[in-house]
Amino acid sequence: MRNPLLMTARQRALLDKRSGDDSMESFPAEPLLALPSGYREKTEMTAEMVERHKKKTERRREQAKKHREEEKKKTVSRLLNKSESRAGRGAAKAKAAAAAAAAVPAIVYRQTVTGSELRLPVGVAAPITAQPPRVPPKPQLCGVAGCSNPRRYSCSVTGVPLCSLECFRAIAAQRARTQKTPAVSVTS
């Protein structure tokens, strides 16, 4: 058994209540605290207090009801806005695509298992005249004298087509000689 002097008053009261004997008589007497039983007697309420209590209860119920209604409205509006925005986006895209397709006359060629199909826009003659194929432009060559490499760059100052850094340096040196200014030094 633990030393009752090291116990709290509540622990001593519990120990004393359980044991029921006078084993604690050898220790100095301290007033024992009564444990709360959890039951509290209600005091008499006056008519005015009862009326205030009813008003408070009614106010709390009204506020709770109002809060529930607001939550319902928010939820409904959130759901409606979400579905409208999704449907609206899809419908708007479909309308825009249909308008673009209708605005631009296009020749459609489809080849399927059952056969080939060629659709022409309104106003286009049925026997289409063949057009000669377009010739791609010839590759531009480097602008430095004696260089026959294809163009990869352009000089930022003169716009001359260049193929490498060495050709850029040659153009810069040539420009410096003609302008009698020092050449631009480029480090790599």
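Mentor: Please begin with Arg 52, which forms a salt bridge with Glu 48. This is a predicted model, in which local features need pLDDT of at least 70 and side-chain atom pairs count only at pLDDT 80 or more, while totals for chains, interfaces and linings use all residues. Residues are numbered from 1 along each chain as its sequence is written, and side-chain values use heavy atoms, with hydrogens and water left out.

Trainee: What makes Arg 52 partly exposed, and what makes Glu 48 exposed?

Mentor: Buried means under 20% relative accessible area, exposed means over 50%, and partly exposed lies in between (1.4 Å probe, protein chains only). Arg 52 has 46% and is therefore partly exposed, whereas Glu 48 has 57% and is therefore exposed.

Trainee: Which other salt bridges may be examined in this way?

Mentor: A search of the whole structure finds 4 salt bridges. Among them is the one between Glu 58 and Arg 61, at 4.0 Å from N to O. These two residues are 3 apart in helix α2, which means a separation of about one helical turn. Glu 58, at 39%, is partly exposed, and Arg 61, at 55%, is exposed. Another joins Lys 72 to Glu 69, with the closest N and O atoms 3.9 Å apart. Lys 72 and Glu 69 are also in helix α2, 3 residues apart. Lys 72 is exposed at 53%, and Glu 69 is partly exposed at 38%.

Trainee: What makes Cys 142 and Cys 155 members of a nonpolar core?

Mentor: Such a core is a set of buried Ala, Val, Leu, Ile, Met, Phe, Trp, Tyr and Cys residues joined through side-chain atoms within 4.5 Å. Cys 142 has a relative accessible area of 8% and is therefore buried; Cys 155, at 4%, is buried as well. Both belong to the largest nonpolar core, which has 8 residues, including Val 144, Leu 162 and Ile 171.

Trainee: Which residues does Val 144 contact, beyond its neighbours within four places in sequence?

Mentor: Val 144 is in contact with Leu 162, Cys 167, Ala 170 and Ile 171, leaving those neighbours aside. Contact means heavy atoms within 4.5 Å.

Trainee: How many of the residues of the protein count as buried?

Mentor: Of its 188 residues, 10% count as buried.

Trainee: What is the order of the elements along the protein?

Mentor: There are 3 helices and 4 strands, and from the N terminus on they run α-α-β-β-β-β-α.

How values were computed. A salt bridge is a side-chain nitrogen of Lys or Arg within 4 Å of a carboxyl oxygen of Asp or Glu.
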